[in-house]
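Open the model in your viewer and keep the selection panel at hand. The tour goes stop by stop.

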Amino acid sequence: MNKQPSKESLKDKVKGIFGLGSPRPPSKQTESKPSEFIITLDILKELHPDCGLSNRIRVANHVSDLAKAKKFEEHAVEAVWKAVEDMLTPEQPPEARHAVLLLLRAVIQGQGERLGPLRAFFFKVIRDYQPSNEDLSDRLEVFKALTENGKDITYLEEDIAGFVLLWMDIGLTADFLHVLVNLVKFNSCYLDQNVSVMVQKICLLCNRTTASTDIEMALQVLDAVVCYNCLPSDSLTVFIITLCRTVNVKEFCESCWKLMRKVLGTHLGHSAIYTMCRIMEERAYMEDSPLLRGAVFFVGMALWGAHRLPALKNTPTLVLPSFYKAMWCANEMVSYEIVLSITRLIKKYGKELQVVTWDILLGIIERLLQQIQSIGSAELKSIVFELLTTVEELYEQNGFHGSSDKFFSLVEKCADKRPDASVLTLISYRAQSIQPAKDGWIQSLQPNESRGVIRIKVLHILSFVLSTNRQLYEEELIEVVVVPQLSGIAEDRDLAVRRQATQLLVDLAESCSTHHFTSLLDIIQRVGDTHTTSPVSERDLTTESPMEDVRTAIRGLLEILQSKLYSLPASHASRVYELLIGHLQLHYKSKYTSAVACSIRLQVFDFLLMMRTDSLHRLGFLSKDGVLRFSPYCHCDMGEPEKRGSEKKPAGSVSPPAACLPYSPAFNVLLQCLKMETDWKVLKLVLDKMPWTLQYKVLLLSSPCSIDQLCSTLCSMVHTVTERLKKTPDGFSRTDVQLAVVPVLTAITSYHNYLEQARQRELVQCLEAGLIYRCAKQCVVALTMCTVEMPDIMIKLLPALIVKLTHISATVAMASPMLEFLSTLVRLPHLYAYFVAEQYVSVFAISLPYTNPSKFNQYIVSLAHHVISMWFIRCRLTFRKDFVQYITKGLRSNALMPFDDTQDTQSSFRARSTSLNERPKSTGSPVKELRDLSAFRSRSISVSEHAVRRMHTSSTTCSLGSSDENTVSQADDGLKTVHLELTETCLDMMARYVFSNFSALPKRSPIAEFLLAGGRSMTWLVGNKLITITTSGGVRSQALLGMDMAERLGGGGEMTRSDPSLHTRQTKEAPAKLESQSSQQLNRASRIRVRSMSGRKRRNSLSPPSPSPCAPPKDPLKDKPSLAEFLPVLTQGWAEIFIRRPSGNTSWLMCLENPPSPFSSELGNMPLQELSSSALLSLLLSLRSSLCSPLSGLS
């Protein structure tokens, strides 16, 4: 069977869901419910008055239960009421009335839908109940049930307003107020005529009661009136007063503000603001502090609070006067609220406030400052000062538009209680008005304040005023302000103030050139000497040292001295110089060892060690930029400059007075430092910079400075200073002291004329003692200086010193000083004139390890070879042959060992080294002599041949690599060649000088020139030597006798040149020979033009000469017919051997001593002496005819 379509529309369904449609007809289930409960006659009889009161009460309670659970039949309620009506009479006991009221309440709750007009009847029963002031709670419960807690007043509309007013008079409780809230919310239209009275009674309840529940419900009623009705204007004042008082209760503050905000949002908003302002201004309320406080709170919150109402157009200027009037009666609570309110206003809208508003605010602040003194509340005082701080912050942000003078006058009244920042702002503002044009401006610079920060600010302002008005008012400011205010600054307890005041005095004194400079300097001196008059115990390192002001004073004195050194009067510089020296003396006298004291000494010593002087004895200081300026007014010696000035100045001129700053006081303090200083930083600074100061001898020698004492102190420091030093770095040892002392001792060597002999010996011994420590390098450098400066002392100490130097390992650091020491010493032969073999061996033992090219650079290796060569040449001739083997072995172990690749090289070198000791000796067998000579020659080229072989092998191996490897290999091969050549040169030098001393360059005698002129010359390369043999010819003898004139004239130019074919032939025949260089012969042609002639040309010269027109008319040899007869054999058998080697050249002349062949002429050999006489005579004759002879160039 299909379901019939529903006749309900969608709209009806939606209304049915939300309960908005017409009620549905009762369902079948409802119709099928059992019928209503029937009140029988028995029940009614039991409720009859005849049944007794207790029985009636029991039955009434039973009926009450039935009424709650079941529905009565129609008219049953009326029957029950008629039965129990008499029980509500006043004569009945309370139990009876209570039972009837409970029955009535149960009937209303259970049968309420069927009561209808009975509701009005029951309402009248409750209203007209007598006595009216009894059974209030039960009656109220019946009323609540009758109206559903005030929501439903059906049939009660006309009487409900009166009943509310009646009940408010007799039973205004929290329960009734709760019902009243619902009455106002759901039925406010029936209460319009009585709202004003209701509001007044509710406000009266709030003002009188102290129960929080009643106040809460009363506020809810008022809130309901404002929200669901219209607050009567005649009740506005009472309403506002109530809220202003209730808001002081902490738990209702928020609800009161919400309620007031609702009222202010209505048409009564401006009226409410006006009402609250009027409350604050009226005298009647001056004593009511809660009321005034509430009014201030609501006005401030409404106009500029966090949830202010934009609809209100009242400006702060309109309401602030009311605040001011509310303060006529000094009340802490009201004043506190006013401060909070205007603080909120300034923080949020301070930059937007105008001048008029600020005037009112400043007036309020002034009244608040007065109340602070009278009330004495700490909380009020704190919050008022916070208000001042807020205004100051606004002032610093340039957002304050009021009167600055008036505001800072308020701050000044309470300056002693204001924080430091506030007073600093006040002082900065007042400093703007310190001008000479104002009367009493100097007196304003004399504040009476004990706080350090403020005093420092005042000192800054004073410094600024001095800098801007110094030119016109310097003396007045110093006399009136500076000296009186700062004369006792040394005894001030505030360190920061002392530092700032000292800096001000320093800045002022630096530019002061009047007599007030002495007063300023006296104050600075007292500051500097305050904490150094007695020893100070150790202090907490975390706190600031009390000597910071002393450091400022001393640093200022250093700056003043640098400035006054170049300005007049010069006596100012002298006074500052004396103060600095005296201060340092106080340090050592008081034994002050704090960190600040050490830093002060560090700065002063650094300054004193920068003092310099020129040849005119003028003092100067080296600045940090390295600029050195000399003072025209300050000298280190007074006598000389005055004398020099009196000689140079013209007549009538007056020179400025010069000051003398002798260096002896500073020198004495430096000595005191070396003897007593306990801080290593200070001591090291003095030691590091003293060598630079010692370079200026005029500075020290112009005043009595004991150099001898300085030397003694330094020598003793090495052994004793480590015991007194306390603040040393980690790993500190005596070597660190030696490293610092040795450079000073080195500089002192130039003052050896001012040192006693014993002191000089002590100095050298101190340096010798340092050779076994890390300072050995510096000691060797110093000893080098001693050898130059103090030879008388060193000549006795050198033998033992040389032996000690052999104990020092050959390291890279020691290489340069050791070799330079030996290189310098070798040039002073008078110092080692008494050396024995032991000392020379020590020299070679020192030098040989530095020839190792794998450990040392090329410079060190070259210098080592140089030292070995020089000492070998300078040693005695008898010692040399004994040193050769030792040196050769050392060179093999050091110089050649890195390059010895094969055993053959070592054996070859060994053979070469023995050749120097075992020269070939003549024996009976010429064959053995020739063999030994050949062996010696072969050994002479062994090193070079093996070196070439090794380089060739290395080149062949490296050619298999890349191009980079080839480049590196070529560089290594070049370096090997250099070191091999150095070694070969050294060996060659020993071979040359081992048995004799000859010059490195031979000089040919005139006889040799005569004999060898025109002879043949050949050159061979043997090892690393060039051997040239020149034989004698006859050209010179022919020229000597004048027999070659005709030949030359007949032969033309062929006589002056060598035959090239001859040299070519010689080269082919002897592959080992070197072709004679034509350039070399041409260079020598200016001296002997005919030396290069070949033997063939000499044979051609024997042809008869042709006549010449220039020939002399007379033969010069006609007087010597016997000499001409010996012409063929005059120069035969002579030869020159010329050997060029790295260590020098050697040349000797040889003559063939074999007798002539029996087949030759019987002419004997002419003695060399006779030959020399003949040659000398011939030379004199040739000089006579030099003007016309073409051979004049040969003379």
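Which kind of contact do the side chains of Arg430 and Glu412 meet in? They form a salt bridge, with 2.9 Å from N to O. Keep in mind that this is a predicted model.

**Stop 1: Arg430 and Glu412**

Select both residues and show their side chains. Arg430 sits in helix α23, residues 420-431, while Glu412 belongs to helix α22, residues 404-413. The two are 18 residues apart, so the pair links distant parts of the chain. Now colour by accessibility. Arg430 has 27% relative accessibility and therefore counts as partly exposed. Glu412, at 45%, is partly exposed as well. The cut-offs behind that label: buried is under 20%, exposed is over 50%.

**Stop 2: Arg551 and Glu548**

Move to helix α27, residues 548-564. Select Arg551 and Glu548, which both lie in this helix. They are three residues apart, about one turn of the helix. Their side chains form a salt bridge, and the closest N and O atoms are 2.5 Å apart.

**Stop 3: Asp614 and Arg618**

Select Asp614 and Arg618 next. This is another salt bridge, 2.7 Å from N to O. Check each partner in turn. Asp614 is buried, because its relative accessible area is 13%. Arg618 reaches 28% and so counts as partly exposed.

**Stop 4: a network**

Now select three residues together: Arg105, Glu141 and Lys144. Salt bridges link them in a network. Side chains of opposite charge can pair when their charged atoms come close. How many salt bridges does the structure hold? The count is 26.

**Stop 5: helices α5 and α6**

Helix α5 covers residues 76-84, and helix α6 covers residues 94-110. Two packed helices are described by the angle between their axes and the distance between the axes. Here the axes come within 11 Å and cross at roughly 170 degrees. That angle makes α5 roughly antiparallel to α6, because angles over 145 degrees count that way.

From α5, pick Val77, Val80, Trp81 and Val84. From α6, pick Val100, Leu103, Leu104 and Val107. Which classes of residue make up this contact? Eight are nonpolar; there are no polar and no charged residues.

Note on methods. Residues are numbered from 1 along each chain as its sequence is written. This is a predicted model: local features need pLDDT of at least 70, side-chain atom pairs count only at pLDDT 80 or more; totals for chains, interfaces and linings use all residues. Side-chain values use heavy atoms; hydrogens and water are left out. Axes are lines fitted to C-alpha atoms, for helices over the stretch in contact, and angles run from 0 to 180 degrees between N-to-C directions. Helices (H or I, at least four residues) and strands (E, at least two) are DSSP runs, numbered from the N terminus. Angles under 35 degrees count as roughly parallel, over 145 as roughly antiparallel, 65 to 115 as roughly perpendicular and the rest as oblique. Contact means heavy atoms within 4.5 Å. Ala, Val, Leu, Ile, Met, Phe, Trp, Tyr, Cys and Pro count as nonpolar, Asp, Glu, Lys and Arg as charged, and the others, Gly among them, as polar. A salt bridge is a side-chain nitrogen of Lys or Arg within 4 Å of a carboxyl oxygen of Asp or Glu. Buried means under 20% relative accessible area, exposed over 50%, partly exposed in between (1.4 Å probe, protein chains only).
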